[in-house]
Amino acid sequence: MHNSLLSHRFLFVVGKGGVGKTTVAAALALAASLRGKKALLAMCNAKERASVLLGVPPIGPRNTTILPGLDAVNMVPRYALEEYGTMVLRSRALYRALFENPLASAFLRGTPGLEAWSMLGKAYYHVKETTADKKHRYDIVIVDAPATGHGLEMLRVPHVIVDVAPPGLLRREAEHALFIFHDPAQSGVVVVTLLEEMPVQETQELIEMLQGELRLPIKGIVANQVLQPLFHPSELELFGQLSTKLPRNSPLFPLLEASRYRASREAIQRKSLEQLRRFCPAPLILLPFIFTHPFGRKELAFLGDILARPLNSSHGA
């Protein structure tokens, strides 16, 4: 696992909605657990579907062991804030005195970014959390981030806290979190996309924000659902010509139309991959489209094997 995504202690999986972030995050977490690591898969108040992929009961708002070596949580701001506040303050009574006071609660509800920080802060806390024998509770924490815009807002929050919060516990926590998030040896962002025009364009904009404003180390770009090429580029034009000559009532016409559609999808994929490679700042990992239905833990483990490979062998794949 040296020089692989799994060699880090914290991974933040981001991307446009619908590109397969949850699949990639769950595959990484499963791969880590199957390789002897204690992993935490943390989702952010999501419409939870990781349990279906992993073949386990629904995942709730508290850390729960779902498979050997794998814990999971679907972080809900109210629960996350209570748990994070209790862990940081080291006293549930003190948490209640501070956070359940009516005046404090009213102030906190109006604090910008507090909900996002309650989830990100909880995930960060588990990176540094230790057990009674001084060992890390988790070897790796993988956050399945909200879709692009909300994910970026979440990552901005500790910067805002450091800039505007007065000296104290909250600011120190944000500073420590940023130290870990910015350390390429410990942490990194995994960007997930599809090889289609709009997702690739949005991926370029996302990467610019991550590298520019947020200064976060990007560890891998995952192109999901990649089709195995079946046709030469020249055959797309040939299929178009044949479709005008072959009678629509021919038994071969549906096969021709299916072939033309597949060749067209492959052409879009090739163009998008060329564009992605032009600005890709990190190893490029191609995950194949898996046609198996239902898609479950076996297929997830297959994708996890690809994601766990050394990064230098995946660069520009």
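Tutor: Let's start with a word we'll need: a residue is buried when its relative accessible area is under 20%, exposed when that is over 50%, and partly exposed in between (1.4 Å probe, protein chains only). Keep in mind that this is a predicted model, so local features need pLDDT of at least 70 and side-chain atom pairs count only at 80 or more, while totals for chains, interfaces and linings use all residues. Residues are numbered from 1 along each chain as its sequence is written, and side-chain values use heavy atoms, leaving out hydrogens and water.

Our part is Thr 22, which sits in helix H1. (Helices are DSSP runs of H or I with at least four residues, strands are runs of E with at least two, and both are numbered from the N terminus.) With a relative accessible area of 16%, Thr 22 is buried. Who does Thr 22 touch, not counting residues up to four places away in sequence? The list is Arg 49, Ala 50, Leu 53 and Asp 144, where contact means heavy atoms within 4.5 Å. Take Ala 50: it is 28 residues from Thr 22 along the chain, yet their C-alpha atoms are separated by 6.5 Å. With Asp 144, Thr 22 makes a side-chain polar contact of 2.6 Å. That term covers N or O atoms within 3.5 Å; within protein, one must be able to donate a hydrogen and the other to accept it, and residues adjacent in sequence count only if both atoms are side-chain atoms.

(The expected span is 1.5 Å times one less than the number of residues.) Just past the end of H1, Gly 36 has a positive phi of about 85°.

The buried residues of H12 are covered by elements including H1 (21-34), helix H2 (50-54), strand S7 (218-226) and strand S8 (284-288). Which residues of H12 (297-307) are buried? They are Glu 299, Leu 300, Leu 303, Gly 304, Ile 306 and Leu 307. These take up an arc of only 155° around the axis, which puts them on the same side of H12; the arc is taken from the directions from the helix axis to the C-beta atoms.

Back towards Ala 50, the loop between strand S2 (39-44) and H2 holds Asn 45. This residue isn't a glycine, yet its phi is positive, near 50°. At 46% relative accessibility, Asn 45 counts as partly exposed, whereas Thr 22, where we began, is buried at 16%.
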